[in-house]
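Here is a short report on one structure. It looks at aromatic rings, then at one helix and its surroundings.

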Amino acid sequence: MANQVKSDKDYSQYFQPPSLTDAKKRGKEEIAVHYDFTIPEDMQEFGKDKYYLIRTYGCQMNEHDTEVMKGLLEHMGYQTTEDKNQADVILLNTCAIRENAEDKVFGELGHLKALKAQKPGLVLGVCGCMSQEEAVVNRIMQKHAFVDLIFGTHNIHRLPTLLKDAYYNKEMVVEVWSKEGDIVENLPKKREGIRAWVNIMFGCDKFCTYCIVPYTRGKERSRRPQDVLAEVRDLARQGFQEITLLGQNVNAYGKDFEDITYSFADLMDDIRKIDVPRIRFTTSHPRDFDDRLIEVLGKRGNLVEHIHLPVQSGNTEVLKRMSRKYSRDHYLELARKIKEMLPDVVLTTDIIVGFPGETDEQFDETMSLYEKVGFDFAFTFIYSPREGTPAADMEDNVPMEVKKQRLYRLNELVNAHSKASNDKLLGQTVEVLVEGESKNNADVLAGRTRTNKLIHFTGSKELIGRMVEVEVTHAQTWILKGEIVQKPMKLSM
């Protein structure tokens with residue numbers, strides 16, 4: 001496999017790079033749903049006696065995309081490996097949310113360059129959200145010409161054909177769709193463990209000024225309710241104990257349907273009746289979190305008492321510059337309604353510090369909102385501009401030292417709230433889904449509560465995959481410790 005471009009004429013047949021201009025055109029073209037996916041016959045044993053390795057960066061959506069790619073590869077005969085020296089295919093499934101995520105990928109490409117030189121037959125590919133960025137693809141082509149394959153988030157189902165092209169063509173294969181992809185059902189997936197992710201929709205129409213996701217993932221497209229429900233029922237039959245519904249903005253589910261009226265609240269109400277012990281969802285947008293959804297969540301059952309609700313800032317003016325389309329007061333009222341319906345709810349959030357123009361007083365409002373809501377945890381970030389977003393054209397006028405100081409103060413508050421929240425559980429008995437051994441001690445089991453808190457305790461390995469009741473005996477900032485108080489619980493609801 002050569003890695004140089006011979007000519008525009010030769011290259012064009014497998015060269016379809018992303019276009020930020022095209023990605024910004026939010027057309028109303030119809031999104032088709034396909035149920036007839038099959039792997040081409042000539043590719044069904046293409047990977048026999050070959051190995052693949054996928055490195056995944058970023059969110060649960062990327063993790064789930066990796067499950068699909070693993071399913072496709074194994075249906076082609078490939079076997080998984082964690083040894084890059086054994087791999088015949090290495091794919092980097094990338095994230096574009098923050099600059100340091102891109103830095104990690106380009107650093108990994110630098111490490112893989114020598115391996116590619118030693119193994120010319122190795123197919124090295126870059127996929128995921130970074131591949132949807134025009135500047136990133138140009139950088140790979142110019143500085144990392146040893147990469148064989150680049151594809152995006154909308155055409156994962158094309159992996160068998162693209163892989164074949166990468167093996168047999170002498171040029172880098174690039175296929176990144178700037179328009180939204182169709183919804184392709186019945187793709188094979190390789191799921192492991194006792195938890196499963198289920199995409200209910202793709203894309204985002206919110207266009208927050210700092211976010212690249214609407215350009216890398218496209219417009220909002222909801223899967224049909226019957227397809228989502230069928231997948232959840234099948235996972236229940238397979239014995240999965242916890243299912244997380246995924247979308248860039250799950251609360252917008254169903255708003256793109258033109259033939260039926262069916263919302264995210266309706267979907268949750270229907271899934272609530274399926275025999276799966278736990279149902280989670282991520283991520284929510286405060287603007288679309290309505291009273292009907294709060295009412296459905298109040299029915300509890302397998303709908304857990306944990307809601308991740310990104311706020312990003314506690315100041316209305318900053319929220320306006322972010323184009324979040326809600327105010328500080330709106331968010332506080334939403335949190336109040338949720339807590340009124342679910343007094344024991346655990347709320348977690350995302351916060352950006354140092355957004356362009358953020359003053360000390362505006363940051364203090366973020367701190368005070370955190371206190372008022374009483375979050376249990378937050379993912380906190382220093383603002384970094386993403387090329388192609390409106391915020392990238394704003395004056396980044398908050399000094400880095402100030403950003404770091406604000407992040408430090410915020411993290412101190414996050415830590416204090418997390419510890420105080422865990423302290424409240426001392427002496428209580430909680431329901432725990434046993435996930436496996438502790439990462440640091442094989443003699444200790446690790447599991448999660450309904451509110452997604454990590455807890456360690458001693459017990460038989462036979463408990464992995466089961467529900468148990470555990471009394472909390474120690475509370476640390478991020479981890480609970482406890483002791484089993486009774487036999488494993490029944491798996492049925």
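The structure holds 13 aromatic pairs. The model is a predicted one. One of the pairs joins Tyr210 and Phe355: the ring centres lie 6.3 Å apart and the planes meet at 80°, so the pair is edge-to-face.

Lys50 lies over the faces of the rings listed here.

| Charged residue | Ring | Distance to ring centre |
|---|---|---|
| Lys50 | Phe46 | 5.2 Å |
| Lys50 | Tyr167 | 5.8 Å |

Now to helix 9, residues 264–271. Seven of its eight residues are buried, so helix 9 is largely enclosed by the rest of the structure. The buried residues are Phe264, Ala265, Asp266, Leu267, Met268, Asp269 and Ile271. What covers them? The cover includes helix 8 (225–238) and helix 10 (291–297). Strand 13 (242–246) and strand 14 (278–282) are also among the covering elements.

Ser263 caps the N-terminal end of helix 9. A side-chain oxygen of Ser263 lies 3.3 Å from the backbone nitrogen of Ala265. Ala265 is itself one of the buried residues of the helix.

Terms used:
Residues numbered from 1 in each chain as written. Predicted model: local features only at pLDDT ≥ 70, side-chain atom pairs only at ≥ 80, totals over all residues. Heavy atoms only, no water. Buried < 20%, exposed > 50% of the residue type's maximum accessible area, 1.4 Å probe, protein only. Helix = DSSP H or I, 4+ residues; strand = E, 2+ residues; numbered from the N terminus. Contact = heavy atoms within 4.5 Å. Polar contact = N/O pair within 3.5 Å; in protein donor to acceptor, adjacent residues only side chain to side chain. Phe/Tyr/Trp six-rings, centres within 6.5 Å; stacked < 30°, edge-to-face > 60°. Lys NZ or Arg CZ within 6 Å of the ring centre and 35° of its normal.
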